[in-house]
Amino acid sequence: MNTPVEGFSKLSKAEKMDWIANQCTKDPEATKKLLERYWNPDPNVQKLHDEFIENTISNYYLPFAVAPNFLINGEFYAIPMAIEESSVVAAASKAAKFWLDKGGFKTTILGTEKVGQVHFMYNGDAQKLQAFFKKIHPILFSSVASITQNMEKRGGGINAIELRDCTDKIPGYYQLHCTFETLDAMGANFINSCLEQFAKTLKEKAKDHQDFSEGEKNIEVVMSILSNYVPNCLVRAEVECPVEKLVIKDISSEDFSQKFVQAVNIANVEPYRAVTHNKGIMNGIDAVVLATGNDFRAVEAGVHAYASKNGSYSSLTHAAIEDGIFKFWIEIPLALGTVGGLTSLHPLVKLALEILQNPSAKELMQIVAVAGLAQNFAAVKSLVTTGIQKGHMKMHLLNMLNQMGATESEKEQLVHYFKHETVTNASVKEALEKLQRS
Ligand code: MEV
């Protein structure tokens with residue numbers, strides 16, 4: 001158990017490392033060496049990473065990979081992914097290749113609207129509030145002119161500001177529900193700056209509003225914040241082909257397509273399955289979102305809320321067979337940016353965007369949705385045929401061998417051996433011991 005510390009953020013990096021190593025670890029010298037080993041040898045690069053957040057003591061590595069051969073709307077992409085789970089990139093690459101000779105992936109942007117809200121309390125006559133809102137509506141827009149100027153020049157800005165009466169949920173609770181177009185920016189700073197100014201203007205103007213009683217003049221702003229629920233910032237990705245083109249080992253095309261559709265239908269109606277089904281989709285989505293420097297927590301929160309929009313948590317993907325054509329698609333809300341944030345700061349984020357040919361936010365939404373659909377196709381294809389463990393454990397084999405301390409030559413021999421054997425923890429341990437004995 002360590003002790004509380006005062007002013008930790010003000011300590012130097014070396015002092016922070018010392019404190020952590022001494023207070024929290026058994027071998028402080030080894031801890032410090034480990035932390036240093038993961039520093040970047042270029043002090044400028046390290047400084048950049050140090051300054052992303054507070055209290056940085058080292059870097060936390062994740063593999064940065066690419067899944068090639070994605071054909072999206074007739075263009076080829078190699079998709080960068082940052083993820084630790086062994087089978088994800090392999091599965092994405094396999095799915096990309098599977099759909100390559102079947103026309104690839106098609107995508108459509110269904111909307112790009114972002115949302116933010118000023119939540120406030122007003123205890124008074126609702127009609128008077130409506131009249132007040134009507135009066136200040138143009139003033140709310142003009143009050144943020146200096147913030148919106150540049151965004152408007154590029155074709156974005158505030159779409160609408162609405163007064164919402166939420167007094168049926170909490171007495172006295174109202175909102176300014178605002179929608180925005182933030183173009184290639186994810187837009188969090190832009191939206192939050194606008195909202196905070198709306199809140200100020202709302203309060204100030206209420207104080208001077210002659211029709212309000214003294215109590216009504218006293219609007220209490222509770223908070224002003226963007227929403228990560230963006231059901232109208234939506235993208236669709238799809239694949240389709242004649243059923244007979246679904247050539248899969250050891251199963252007929254008809255059986256495969258029917259089983260696949262059944263599996264997706266189960267995820268549509270059964271929340272326990274839907275959560276895992278969608279987790280598989282997020283394996284692909286988060287990996288690209290992270291590689292491109294976007295906020296995967298925001299995406300996760302918004303996506304899962306969208307999956308529950310009909311009152312029960314359900315699948316984000318859908319599948320059908322119509323007139324002998326197998327169709328598989330996803331509709332997913334994705335608020336992403338390709339400018340601002342980490343995009344021009346993190347060298348690997350810049351590279352990821354360059355690998356994707358420096359996409360607009362709309363193009364990135366389409367690529368990310370495809371990564372999710374491809375990942376789900378790979379997972380469900382395995383689940384309804386061989387089962388998930390075969391491929392997963394094969395990919396996990398190197399992790400297991402590393403954990404068991406296998407040498408490079410032992411790893412090479414065992415990877416070869418397990419090409420035709422079932423990988424389990426016990427079977428790998430036994431094979432390694434046998435090899436070491438021989
Ligand atoms: C594992 O990370 C993801 C899967 O469980 C997804 C799924 O079951 O569809 C394989």
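This is a predicted model: local features need pLDDT of at least 70, side-chain atom pairs count only at pLDDT 80 or more; totals for chains, interfaces and linings use all residues.
**Exercise 1. Classify the ring pair of Tyr122 and Phe212.**

Solution. Step one: take the centres. They lie 5.5 Å apart. Pairing requires centres within 6.5 Å, so the rings pair. Step two: take the planes. The angle between them is 45°. Under 30 degrees would be stacked and over 60 edge-to-face, so this pair is tilted. Step three: locate the partners. Tyr122 sits in the loop between S4 and H5. Phe212 sits in the loop between helix H7 (188-208) and strand S7 (220-227). The two are 90 residues apart.

**Exercise 2. Work out which strands pair with S10 and in which sense.**

Solution. Start with S8 (residues 234-242). S8 pairs with S10 (residues 325-333) in the antiparallel sense, over nine bridges. Val235 stands opposite Ile332. Now take S9 (residues 317-322). S9 and S10 are also antiparallel, with six bridges. Here Thr317 has Ile330 as its bridge partner. Finish with the turn. S9 and S10 form a hairpin with two residues between them. Asp323 in that turn has a positive phi of about 50°.

**Exercise 3. Find which rings Lys13 and Lys309 lie over.**

Solution. Lys13 lies over the face of Trp39, 4.3 Å from the ring centre. The charged end of Lys309 sits over the ring of Tyr306, at 4.3 Å from its centre.

Terms used: Residues are numbered from 1 along each chain as its sequence is written. Side-chain values use heavy atoms; hydrogens and water are left out. Two strands pair if DSSP finds at least two bridges between them. Helices (H or I, at least four residues) and strands (E, at least two) are DSSP runs, numbered from the N terminus. Rings of Phe, Tyr and Trp (its six-membered ring) pair if their centres lie within 6.5 Å; planes under 30 degrees apart count as stacked, over 60 as edge-to-face and the rest as tilted. A charge sits over a ring if NZ of Lys or CZ of Arg is within 6 Å of the ring centre and within 35 degrees of the ring normal.
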